[in-house]
Amino acid sequence: MNWIDIGAVDDVPVRGSRVVTTTAGDIAIFKTADSRVFALWDKCPHKGGPLSQGIVHDDSVTCPLHNWVIGLEAGEVRGPDQGCARKVETRLEAGRILLPSHILGRKAA
Amino acid sequence: MKKKLVIVGNGMAPGRMLEHLFELAPDLYDVTIFNAEPRVNYNRLMLSPVLSGEKTYEDIITHGDDWYLANGVTLHKGSKVEAIDRVARTVAAADGTVAHYDKLVIATGSVPFVIPVLGHQLPGVVTYRDLDDVEKMLAAATPDAKAVVIGGGLLGLEAAAGLKMRGMDVTVVHLMSTLMERQLDPPAAHLLEQEFEKRGIKIRTKSNTHSILGESKVMGLKLEDGTELPCSIVVMAVGIRPSTALAKASDITVNRGIMVDDQMRTNDPDIFALGECAEHRGVVYGLVAPLYEMARTIAEVLVEKPAAYGGSVMSTKLKVTGVDLYSGGDFAEAQDREEIVLRDASRGVYKRLVIKDNKIIGVVLYGETSDGPWFFDKLKKGEDVSKDRDMLIFGQAYAGGPPLDPTAAVAALPPDAEICGCNGICKSKITDAISEKGLTSIDDVRAHTKASASCGSCTGLVEKLLVLSLGEKYQANAVQPMCKCTDLGHGDVRRLIVAKQIKSIPQLMQELEWKTSCGCAKCRPALNYYLIAEWPGEYEDDNQSRFINERVHANIQKDGTYSVVPRMWGGMTSAAELRAIADVADKFQIPAVKVTGGQRIDLLGVKKEDLPAVWSDLNAAGMVSGAAYAKGLRTVKTCVGSEWCRFGTQDSTGLGIKLEKFMWGSWTPAKVKLAVSGCPRNCAEATCKDIGVICVDSGYDIHFAGAAGLDIKGTELLCHVDTEDAAIEVIAALTQLYREQGHYLERIYKWAKRVGLESIKTNIVENVEKRRNYFARFTHAQTFLQVDPWAERVSGKHAHEFLPMRSFPMQIAAE
């Protein structure tokens with residue numbers, strides 16, 4: 001798998017997220033209070049809400065539209081609701097965040 | 001022949017002992033008392049009223065000269081005993097008086113502790129112990145003179161209040177973070193601090209004295225942090241030390257105090273120690289109730305009745321006129337304890353019972369203390385209170401009353417009755433889920449049925465269904481916790497933020513023992529609001545704890561785009577503003593433009609990355625954020641009023657604009673919508689708003705607590721005022737009261753229902769001083785809040801919010 005640098009860990013606010021736009025849709029990059037980084041496709045399994053706009057708490061995010069709680073690590077819906085947001089693999093190298101190139105719609109050079 | 005009883009010291013404890021003794025056996029002993037003070041027995045507890053001028057020395061004498069005469073007691077006034085000869089069984093005083101004893105009671109009391117800081121020997125440094133001290137203080141208490149009291153305990157505060165009543169400018173310096181920390185829990189201590197500050201007494205907690213300034217007399221006091229407090233008198237009230245020198249010199253065993261057994265005997269069986277100089281089972285007592293218990297024990301032992309002192313749990317009452325405060329027992333927080341708390345914010349009442357194993361072990365009462373002894377009696381007797389627990393906190397008057405059955409109404413509902421309107425859940429669906437899935441809590445019901453999971457207005461009903469289905473098994477929490485991260489309710493959290501001076505979310509989660517590492521989407525926005533409301537200008541807003549709409553100052557829509565609503569003051573706009581809005585709509589290809597219910601214009605479907613540019617253009621035309629997304633002031637709807645309308649009685653538009661210009665930017669527990677109607681025809685629909693004004697010929701009727709959303713509810717009339725300025729003051733004060741008391745997401749009508757209309761009227765209408773204070777606090781907070789968030793973001797604040805981290809716009813073909 002090839003990886004593409006999409007920015008620095010510092011560019012994502014703690015307990016917050018940023019978006020990477022692709023032709024296939026947005027990817028939400030999350031950073032937890034203890035500075036772990038996760039990525040999910042930016043769509044809540046419930047009604048497609050932008051998870052990147054939610055409140056990040058511990059290792060989950062609450063969707064801004066209807067308060068579904070999504071686990072950041074695997075994208076699974078927490079609690080009695082059912083569903084799963086699609087996870088995107090991430091890799092951290094020297095303070096930079098990398099995503100798989102095929103996900104970003106392009107091959108590595 | 002009568003036996004000889006000699007008493008060294010003539011304080012309250014020996015006085016009480018003699019009363020018991022004479023009652024039991026009036027002729028058994030010949031009594032001789034040596035008193036170092038040149039006085040008869042007076043009530044030392046009443047020194048504070050003497051200091052404040054509410055009583056005189058004569059008023060507080062318990063035993064006058066005639067009492068000693070009548071009981072055949074020899075009293076040597078101003079005679080200090082210097083030696084005990086235990087072999088000869090005599091005592092000798094400094095003035096040469098010698099007395100023989102069969103039984104001797106040492107009741108030398110205690111001496112005030114003086115901190116040995118630089119300057120502690122200067123004239124003007126006094127302690128607070130006896131009438132001489134009071135006289136010294138009174139000599140210094142010229143009006144406008146300044147006093148510093150070191151020590152925020154019982155004595156220090158009484159001294160401070162007394163000196164203040166004598167017209168002095170008083171500052172209390174206290175080492176610990178809360179006043180009377182040994183007798184009060186932080187919330188009550190906080191109320192007390194407020195009360196003292198209200199009286200104009202300055203309180204400095206967490207302050208350590210460095211030195212006392214002055215050459216030949218006291219000129220001031222310097223704190224460790226370098227602050228200098230000018231003053232002409234320093235009162236040291238930092239504690240007492242048992243007077244044990246006489247006992248020690250006579251080879252009587254002394255630890256901190258004179259050691260006594262349960263019969264109050266020292267190691268010499270004919271010598272007793274009584275009062276503050278005695279140490280019983282490792283404890284030295286300084287409060288009056290235990291001393292009286294000791295006095296009774298000795299009296300009984302002296303007449304050879306079987307008696308034993310078993311130690312005391314103590315209760316305290318502060319003797320400052322107008323401050324009702326009672327505490328007793330152990331009220332520290334611990335794992336195995338529960339508490340029952342009752343608060344009445346408007347009356348300044350705080351009651352807390354600490355319960356362990358179904359017994360009261362601690363009582364703290366503030367503002368309303370008449371039930372103190374009743375609770376304390378249950379505490380001392382170790383009574384099981386589980387039976388009366390529900391009504392216990394209401395005190396004796398309600399004890400044993402029949403509990404109401406709160407579930408009857410819900411039980412009567414048919415199975416298909418809708419309980420949760422948001423999610424369309426009926427009664428049977430909830431009760432079935434409870435029984436089939438074994439649900440036991442509100443959270444379970446929310447998770448499995450969605451009932452009460454949206455707006456929460458049916459929570460009470462759902463709770464009653466749980467009670468109905470589960471009976472005794474359902475343990476409702478005394479307070480509804482804020483969320484799963486804590487057992488504390490909103491009110492407790494707000495109280496603790498103040499009491500513990502909590503100024504950040506991490507600090508709060510640490511100190512209040514949050515169960516999650518960084519909260520959840522429910523509690524974080526609430527905490528952020530509470531901290532903003534509590535510490536204007538001090539607390540730094542935590543953007544990541546805000547819901548997206550407040551974070552980006554626009555309203556998220558179902559497709560992830562945003563809507564933008566500029567302010568239109570009082571619903572007034574102009575051709576220029578409308579033109580600018582039209583231009584923005586064209587330029588950014590905004591798909592929908594709609595007129596809102598709050599008399600302004602909504603631009604719907606704005607892409608997030610366009611937001612700053614849209615705002616920039618709107619700012620350029622003089623428009624600011626309408627805060628249509630905020631838990632804060634939204635709109636002030638108006639009619640055209642006397643400017644245009646033939647029925648208008650006042651300038652309703654003008655007042656609406658003034659209100660909106662004064663109140664915009666304010667954060668509140670939930671959204672706040674206002675309206676001003678120019679006459680009772682009420683075209684601005686003011687009587688279903690959070691706050692509404694109906695103009696009438698004679699002025700302005702101010703209404704509040706209306707609702708036209710989840711619930712429909714007409715407003716309540718708060719008051720009538722004559723002028724616009726008065727209307728603005730009342731409305732801002734009301735909003736501030738709500739800001740300080742409301743639970744997050746609790747609209748004004750719900751808050752009013754919870755705290756009661758009467759308490760709000762008392763605070764805002766009847767008590768002019770309180771209203772002014774609320775108004776002042778609102779005004780102060782506004783100085784930090786009236787910054788247009790759009791302009792801030794146009795100039796670059798939180799730019800990361802609006803830009804993608806990186807964009808990959810095109811599919812690049814594989815090589």
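This is a predicted model: local features need pLDDT of at least 70, side-chain atom pairs count only at pLDDT 80 or more; totals for chains, interfaces and linings use all residues.
Residues are numbered from 1 along each chain as its sequence is written, chains are lettered from A in the order in which they are written, and side-chain values use heavy atoms, with hydrogens and water left out.

Chain B exposes about 36,100 Å², of which carbon and sulfur atoms supply 51%; accessible areas come from the Shrake-Rupley method with a 1.4 Å probe. Of its 815 residues, 52% count as buried, that is, under 20% relative accessible area with a 1.4 Å probe, protein chains only. The C-alpha atoms of chain B fill a box of roughly 115 × 75 × 70 Å along the principal axes. Among contacts (heavy atoms within 4.5 Å) in chain B between residues at least 6 apart in sequence, 61% join residues at least 24 apart.

The contact between the chains takes 37 residues from chain B and 38 residues from chain A. Together the two chains bury about 3,000 Å², 56% of it on carbon and sulfur atoms; buried area is the accessible area (1.4 Å probe) that two parts lose on being put together, summed over both. B:M805, B:R806 and B:F808 supply 27% of the area that chain B buries against chain A, more than any other three residues. The count between the chains is 1 salt bridge, defined as a side-chain nitrogen of Lys or Arg within 4 Å of a carboxyl oxygen of Asp or Glu. The side chains of B:D542 and A:R15 meet in a salt bridge at 2.9 Å, N to O.

Key: Buried means under 20% relative accessible area, exposed over 50%, partly exposed in between (1.4 Å probe, protein chains only).
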